[in-house]
Amino acid sequence: MTSSMLILIVALIGIFAYFAGRIRAAGSNGRTHSRPGYHGAYVALSALIPALALVLVWSIAAPIYINGKVHAALPSDLKSDPAIEALSFNSVVGISRGLETIPASEVAAARSGTKTWNEVLAAGNVPVAGDLRPEIISAAQSMNAMTESSRSTLAAIAVAVSLVGGFLGYRRVSARFRARNLVERVILVGLVLCSSIAILTTIGIVFSMLSEAVRFFAVVPPHQFFFGTVWDPRFAAAGSGGAGGQFGLIPLLAGTLYIAFVAMLFAVPVGLFSAIYMSEYASPKFRALAKPALEVLAGIPTIVYGFFALTAVGPFLRDLSSSLNHLVTGDASNFIQAQSVITAGIVMGIMLIPFVSSLSDDIITQVPRSLRDGSLGLGATRSETIKKVVLPAALPGIVGALLLTASRAVGETMIVVLAAGVAARLQLNPFEPMTTVTVKIVNQLTGDLEFTSPQTLVAFALGITLFAITLMLNIYALYIVRKYREQYE
Amino acid sequence: MNMIAETKLEPKQVQTMQNSFKMLGRNVTVHYGAKQALFDVNLAIRQNTVTALIGPSGCGKSTFLRCLNRMNDTIDNCRVGGEITLEGQDIYDPSIDVVELRARVGMVFQKPNPFPKSIYENVAYGPRIHGLARSKVDFDQIVETSLIKAGLWNEVKDRLHEAGTGLSGGQQQRLCIARAVAVSPEVILMDEPCSALDPIATAKVEELIHELRSNYTIVIVTHSMQQAARVSQRTAMFHLGQLVEENDTDKIFTNPDESRTQDYIMGRFG
Ligand SMILES: Nc1ncnc2c1ncn2[C@@H]1O[C@H](COP(=O)(O)OP(=O)(O)O)[C@@H](O)[C@H]1O
Ligand SMILES: [Mg+2]
């Protein structure tokens, strides 16, 4: 029986339990504590939850148990080298999968010796190594047998648990039984579980990055990483101990912050002024049209902006600089490179404008009307009111919004790759290429990978650094935004 | 009604009364979009007098009040018709500067709305935007006298640089009055200034209104009959966007001309 079949059967039992509970509650004499629906839900839940929990635990535990058994059963000469053991185990798994798709007649033919296993498996599209050892085949067969028996045992137990649970739940249904409270509690627990999944995955991600980063720092001392000013992780040949190469974070961090700074320099004034216009001056009609249009901009994938930078902004700035240079000095060489900090900054700024304006607009409109009225009533003009009352009142919130935006700028990758290049350089000229932490992470993790060399492990150290930076920015931003909210409650 | 009575007066008398009228509304109509909120209101506001506007909710008291310093301009779909004069000058005339008008006709709102700034900066706000003072000493002077006039000085003189929003509701409202007084307006409009305050704070504000009367012309919207009777000399009764009658407060409360006024004061509707 497949697992989906099993779940379907348990679900049917649940539905049946629901109606049974409902009918029993409706039929009980006297005023029931909870409405029949709650009784039904209670009976259904008692049929479903234990059974589904069992299915969940079983399907995690059973493969672990079976794999352990298979490992133990491998012949000892295959277990001498961990690499060979892993390889043999993989072929056991591959063959066991293949055996399930290959027709029984073929399997019988192989067993009786009329065909070789190699022929049969190759016909069934299972890749096999040249010399197939009989132990591997038998291991695969015993694995399949164990899996099959585990499945049917699970099915029998789960259905039984479901029936017993449903029956016990059904027995409890009576006029005074507080089904509503119990159902409410189950709903609460469900909601808590869902929200903890999000948190737990974040924690999981951090830990996996952290453990890889620790492996990196075992090879490269932290001070060389955090304070090194040269980024040159030459890919050493595999097996040469991974030595060589310099992993200085500083050029990447400088590039990240520089490009983000230039982007904010463009995005903040434009976004903020457009937010002020939208919230304070625009007619409702214009606002209804322009606000969604701006928000559509926020939905454009960043690679599209990168493309724009590569084909439009970069060449434009390069040509502009060369004609300017020609005008002034007569020399037509360009002083702005097509790929440069400024190109990436401008395009990233354009990308950030909708974030700045939409977030600030929300915050500015939150400033109570009474404050505006108070200021206008004293004879202040509209712009005086905005400058002296609305913006100061909204300032903490706007700063929070800008920090959130900045953390986006810091994490942006695609625009940088296309607009500022991949050269890690430590310099100050905004017209020259630079690169960022995220670009280098991608760089180190594409191509042939060997997860033991510092050249790839450094990506995790970079990732955790970036994570720490954006996390701090976000926490600080949320703190400020929250403080601002309290002011008007 | 009142206007008709006045036209029967001797020309000389009319002249002197005109002079004592600080503001005069003639055939004032207000529309919010398609909905008409005021119908041909004729009302005179006398100099150095507290005029109370009473009437059931939604009858247009606030709307009329906001016409007097053109706060209705800030509402998108609001149109004002008729004529309103301040000392004989039409305040809706294109040549009038709203900023200047609002400096002369100040406003205190229903809910205390101090700016999220210090007490000092709240009071100094108006004088700053109108350039009423140059030096720090002048500002200090204005802040002090305004707070004294608003009866708040003794309570806040030691913490002028703390947030205005940290004061109690009643103190906040008196701070807003001080803020309005600081630009030396001639008329102060108050829209239910005590409706968010407790009885003790209300009593303080009422006392303050009494004192302010000698220097300012005050128009106050109120829901409380007792308050109207206590603080005002003239009372105007509104109903369904119309002015029912306007007269001496004593007369309105003892012997009104209109039965609708009688009914409202007796609590029979509204
Ligand atoms: N901003 C507005 N937009 C549309 N209608 C309004 C607005 N303000 C007030 N009104 C309407 O105008 C009428 C008078 O309102 P208002 O002057 O606030 O009454 P009052 O202050 O006497 O309670 C009410 O019917 C109200 O619904
Ligand atoms: Mg009102």
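Q: How many residues of chain B are in contact with residues of chain A?
A: Contact here means heavy atoms within 4.5 Å. By that rule, 23 residues of chain B touch 21 residues of chain A. Keep in mind that this is a predicted model, where local features need pLDDT of at least 70, side-chain atom pairs count only at pLDDT 80 or more, and totals for chains, interfaces and linings use all residues. Residues are numbered from 1 along each chain as its sequence is written, and side-chain values use heavy atoms, with hydrogens and water left out.

Q: What area do chain B and chain A bury between them?
A: An interface's size is often given as the accessible area lost when the parts come together. Here that is about 1,600 Å² (1.4 Å probe, summed over both parts), with 63% of it on carbon and sulfur atoms. On the chain B side, Pro116(B), Tyr125(B) and Ile129(B) lose the most area to chain A, together 30% of what that side buries.

Q: At what angle do the axes of α13(A) and α14(A) cross?
A: Two packed helices are described by the angle between their axes and the distance between the axes. Helices are DSSP runs (H or I, at least four residues), numbered from the N terminus. Axes are lines fitted to C-alpha atoms over the stretch in contact, with angles from 0 to 180 degrees between N-to-C directions. For α13(A) (residues 369-377) and α14(A) (residues 382-411), the axes come within 10 Å and cross at roughly 140°.

Note on methods: Chains are lettered from A and ligands numbered from 1 in the order in which they are written. Helices (H or I, at least four residues) and strands (E, at least two) are DSSP runs, numbered from the N terminus. Buried area is the accessible area (1.4 Å probe) that two parts lose on being put together, summed over both.
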